[in-house]
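Welcome! Please take a moment to look over the sequence and the 3D view before reading on.

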Amino acid sequence: GLDKMQSIAKTGFKTVATSVGVVSTAMASLIGFGVKYNSEIEQLQTSFEVMTGSAEKAKNIIAELQKIGAETPFEVKDLAKSTNLLMSFGFGAEDAIDSMLMLGDIAQGSSEKLDTISKAYGRMVSSQKVTLEDMNMMIDSGFNPLQIIVENTGESMKSLYDRISKGTISVEEITEAMKQATSEGGKYFQSMEKQSKTLNGQISTLKDNFSMFAGVLAEDTTNAISNEFLPAINETIQAMQEGFSENGFEGLATAFADGFTNILTMLVEKAPEFINVAVLIIQSLITGFQENQEVILNSAFQIINLLINGLVSMLPQILDMGMQLII
């Protein structure tokens, strides 16, 4: 009886240990992904901080872009690139975001087109001049504001190109054509919203939402890496260089041993937190299964029935195929 109880306990312990290991590995991958995402967001935020001169404004811009990214076919980095580009041409933060949304509708979910149109429009607004090169960039991206002006005014296309050559066509005329195209009744009205409902759009939205989730989950780890581990590693390398310069390999080895001990201590201190998170996830999964076991079992039975019925209906074909293979 005692041997059997010990065997059951050992099996149970192995199962729990394996589960913790599996969840810990999955958590490590998820947190690694989250750390990468957070580092990219931090880089973008720093760039906006330079543009605006305010960490708070930069943080607000990123938060707004994350919200837009979670609702449109564009990823945050694409939205940030366009917004940053427009700001480099002299747009204020809010004007840049508003214009980026208009350009996003025109680009219809294509990050490449968004980049090209943003560059062309930014240069127009910055120089207050409509050039043939910038116009061709827009047209090559699939959007021709001149056609809208022709339809509104009856002016010929030749006349518009002549005015571009002479520099008499205004940026305001192009802007109005873009606004009209993206307003109600326009060809590109709510284009991003429509694109977000396509398969590719939903996949893009899923990627953004998943990235943000991983980033939130990895926030503590990101801070630990940024504020503790990387400084400790850099300090160790610097100490090794100094140790080698002063005492050769003996000084290098001493600095390495001290630094390695410090880093290892940090890892040991963080390990229990990581394991605790894995255990909590397992507990939550078990609770979730228990609370929904009736629905899960019913669904499983339905799937099994469908498989059995499908196999039964195909049995004559399967047997015929088997006989042909034997022959």
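The paragraphs below go from the whole chain to one helix, then to charged pairs and a surface patch.

A word on the basis first: this is a predicted model, in which local features need pLDDT of at least 70, side-chain atom pairs count only at pLDDT 80 or more, and totals for chains, interfaces and linings use all residues. Residues are numbered from 1 along each chain as its sequence is written, and side-chain values use heavy atoms, leaving out hydrogens and water.

Let us begin with the overall picture. The chain has 14 helices and 0 strands, where helices (H or I, at least four residues) and strands (E, at least two) are DSSP runs numbered from the N terminus. Of its 327 residues, 31% are buried; buried means under 20% relative accessible area, exposed over 50%, and partly exposed in between, with a 1.4 Å probe and protein chains only. A contact means heavy atoms within 4.5 Å. Among contacts between residues at least 6 apart in sequence, 64% join residues at least 24 apart.

Now find helix α4, residues 93-107. At 1.5 Å a residue, its 15 residues should span 21 Å, and its end C-alpha atoms are 20 Å apart, which agrees; the expected span is 1.5 Å times one less than the number of residues. Its buried residues include I97, M100 and L103. Among the elements covering the buried residues of α4 are α2 (55-69), α3 (76-88) and α5 (111-127). Just after α4, Q108 takes a positive phi of about 55°.

D115 forms a salt bridge with K81, their closest N and O atoms being 3.7 Å apart. D115 lies in helix α5 and K81 in helix α3, so the pair ties together parts that are 34 residues apart in sequence. A salt bridge is a side-chain nitrogen of Lys or Arg within 4 Å of a carboxyl oxygen of Asp or Glu, and the whole structure has 7.

Helix α8 (residues 157-166) holds both K158 and D162, 4 residues apart, about one turn of the helix. These two form a salt bridge at 3.2 Å between the closest N and O atoms. K158 is exposed, at 59% relative accessible area, while D162 is partly exposed at 32%. R163 pairs with E155 at 3.0 Å, N to O, and R163 counts as buried at 19% relative accessibility.

Finally, look at the surface for L297, F301, I304, I308 and V312, which form a nonpolar patch. I308 lies in helix α13 (residues 293-313) and is partly exposed, with a relative accessible area of 44%. Patch residues have over 30% relative accessible area and no salt bridge, with like charges joined within 9 Å and nonpolar side chains (Val, Leu, Ile, Met, Phe, Trp, Tyr) within 5 Å.

Methods. Accessible areas come from the Shrake-Rupley method with a 1.4 Å probe; for residues, only the protein chains shown count as cover.
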